Amino acid sequence: MTDPQYDGAGAGDYPLNCWYVVATSDEIGRSLLGRRALGRGLVLFRRGEGQVAVLDDRCPHRAAPLSMGTLDGDQVVCGYHGFTYAADGRCVLVPSQRNVPYGAQVRSYPVQERPPFVWAWPGNPALSRGTEPPDLPPLREPGWAVLGGSLEMAVNYLLLHDNALDRTHFPFVHPHRIHRGYVEDPPPLQIEVTETTVSYSRTFAPAPLADWQEQATGLPAGQQYVQRESGTFVSPALHVDEMDIVGPEPAWQVFRGVFIRAFTPVDAGRTLIIWRAARNYAQADEAVAERLREVYEGTMAEDRPLLEAIQAATGGAGGYQVSAAADAAAIRAYQIVEARLAEERGRVHPLRHGGRP
Amino acid sequence: MSSGEAPSAAMLTVFSERRSDLVVTAREVKAEGVVVLTLADPGGGQLLAWTPGAHIDVLLGGTVRQYSLCGSPGDQHAWRIAVLLDPDGRGGSRKVHETLRAGDQVSVRGPRNHFPLHAAPRYVFIAGGIGITPILPMVAMATEAGADWRLWYGGRSRASMAFTDELEPYGERVVVWPQDERGMLPLEEILGAPADGALVYCCGPEGLLAATEQHCGAWPPGALHLERFTARPQPEPEAGEEGAFEVVCQRSGVTVTVPPGTSIIDALDQQGVSVLSSCLEGVCGTCETRVLDGVPDHRDSLLSEDEREANEYMMVCVSRSRSDRLVLDL
């Protein structure tokens, strides 16, 4: 595939031909936003007609970050010498001369906005055509209340996927956030795969709820409820958890929480996590929202020191000595990424003649 | 096999492949005996991404059949498969022809790709009959990539060859070769001189695959890529060869003895170690498992000689062991 803008660069351990969340819709307006992501500096802005533009945050002239310049209409004006670029990255004006120097062009990226997420494609633009970022119905359909935030961790994105696909660390790292089903005869993990995704799921025998689950759902305490949970590696850029609590008869109302985490590599050792948590119950209840915010943020905060320490110890390169049966989903995710990387680099993947885990 | 069944208490994890319930949105007869079906999500939802060479499992009653996707990978809302009616086959194609109509529901698994198109400056594509299906999106991709390619497309008769209309725009890059007009594909001419950096992709009946393999003797290793829809004939094991052996599942910490006459996958399942599988004939590659130690006795139809000798992966549905002990990444 030849494309004048595609340099094929990127020595990272993440596939480039993939949609990644680089910002949320509310972050981008009629001014320039600088963002470090995907091993490069990006500058983001909203054009007059509303579409988001994502360009390299670097003037080809003297490498000044374009985000330090200004937005003039739909054009980016470098703050150093006034080199001016259209939203597609073409240089349209150099104030000191009549013509534009040959090769004065900033790389622009394919973008798709699916509020609240802004997805960008760091790879070969030709391969993005016709593809769409993953669909996330709870973020676009009515009937859901959504909260969220973002944070950066000094952790490789694969270690975050590994952590997200692993439930066996919960009794140790998050002991006060789990219900009894996690430790008393937990059911086997049902692992469901496709060529590009892997998910686990399990349904627990009726058990009392954890404190926060009682507080969030308002279900009567001291009773047993059936719960089902699942987690899906949707792409190298996205992990989605679902947790269902089945309410009492006769309504059997399903209290569903969907925890969506976009993992965007910043560099080999840092990841931007943009998360949203949707629920289909107590939609207007601010106290419930605050309680849940504490749960999601608290859980990530509890993982953080361990993951950052593992990152520091391993350089994020994996190379673990032993895996256990419960790591099956995470290992599958590693294989999916490995196959995609092998494919992008035009090499034959050890598994198969290439191209699949 | 293990997929979809209730897990036994001993199982820690149970593998299955995601099943999608799709709807047939169009049915068209594209050539003699060839029906082309368009499949979509009933709610219009996004389908999984795929790459040229990928196939899906179509589940019809008790039968599972593999069909290559032959539409456009850029279309995430419709998949297309082409099914040849095989009157002497195992009944899967007849079921598709006789029972599936526009508006019908159909369950599928996949897609998965064991026949991916690798980047190369030039390609030789060889398709026999319905083997054109994986090749069709490949030539589109090769064209987009700016590669130099030629397709030799053989078939019984012109009327039996699907998609010749869609191949027409490629002009003389495509050589349509109906057997009743021109005889067998001239493999000697096609493969006589290995072209620099070229890869060969071939899909079709066993006879064509075997002949292509033979004619590629002078090509560099790794240049030839084949896709089989049915198991390659296997040599009969010699008397006394079929001994028992031990399989150690490294991650699970479980050791299983595999007696003669029992497959590795069944022996593991009985001990609560679940392995993803589909065809159980060594064709589809779903149960591919990493070998950590020991020497497999490969009996699948997928791995090349080089891959067999590399000793890294095996298909545990049909393959066995040459050593007394195999250590697998399970």
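Two strands count as paired here if DSSP finds at least two bridges between them. Strands themselves are DSSP runs (E, at least two residues), helices are H or I runs of at least four residues, and both are numbered from the N terminus. Welcome to a predicted model, in which local features need pLDDT of at least 70, side-chain atom pairs count only at pLDDT 80 or more, and totals for chains, interfaces and linings use all residues. Residues are numbered from 1 along each chain as its sequence is written, while chains are lettered from A and ligands numbered from 1 in the order in which they are written.

**View 1. An open, mixed sheet in chain B.** Follow the five strands of chain B in the order β14-β13-β19-β15-β17. At the edges sit β14 (254–258) and β17 (313–315) of chain B, each pairing on one side only. From one strand to the next, the twist averages 40° (axes are lines fitted to C-alpha atoms, and angles run from 0 to 180 degrees between N-to-C directions). Strand β13 (residues 245–249) of chain B runs antiparallel to β14(B), joined by five bridges; here C249(B) has V254(B) as its bridge partner.

**View 2. Where chain B touches chain A.** Chain B brings 36 residues to this contact and chain A brings 33 (two residues are in contact if their C-beta atoms, placed from the backbone, lie within 7 Å). On the chain B side, β1 (13–17) and β7 (105–112) each supply at least two residues, with the largest share, five residues, coming from β1(B). β1(B) also runs parallel to strand β12 (residues 189–193) of chain A, joined to it by five bridges. Look for F15(B), the bridge partner of I191(A).

**View 3. Helices α2 and α6 of chain A.** The axes of α2 (residues 157–164) and α6 (residues 328–344) come within 9 Å and cross at roughly 145° (for helices, each axis is fitted over the stretch in contact). L158(A), H161(A) and D162(A) of α2(A) meet A330(A), A333(A), Y334(A) and V337(A) of α6(A).

**View 4. The two domains of chain A.** Domain 1 covers 20–128 and domain 2 covers 139–344, with bounds from an automatic or database domain assignment. Their centres, taken over C-alpha atoms, are 34 Å apart, and 10 residues of domain 1 are in contact with 10 residues of domain 2. On the domain 1 side, β1 (20–24) and β2 (33–37) of chain A give two or more residues, and β1(A) gives the most, with four.
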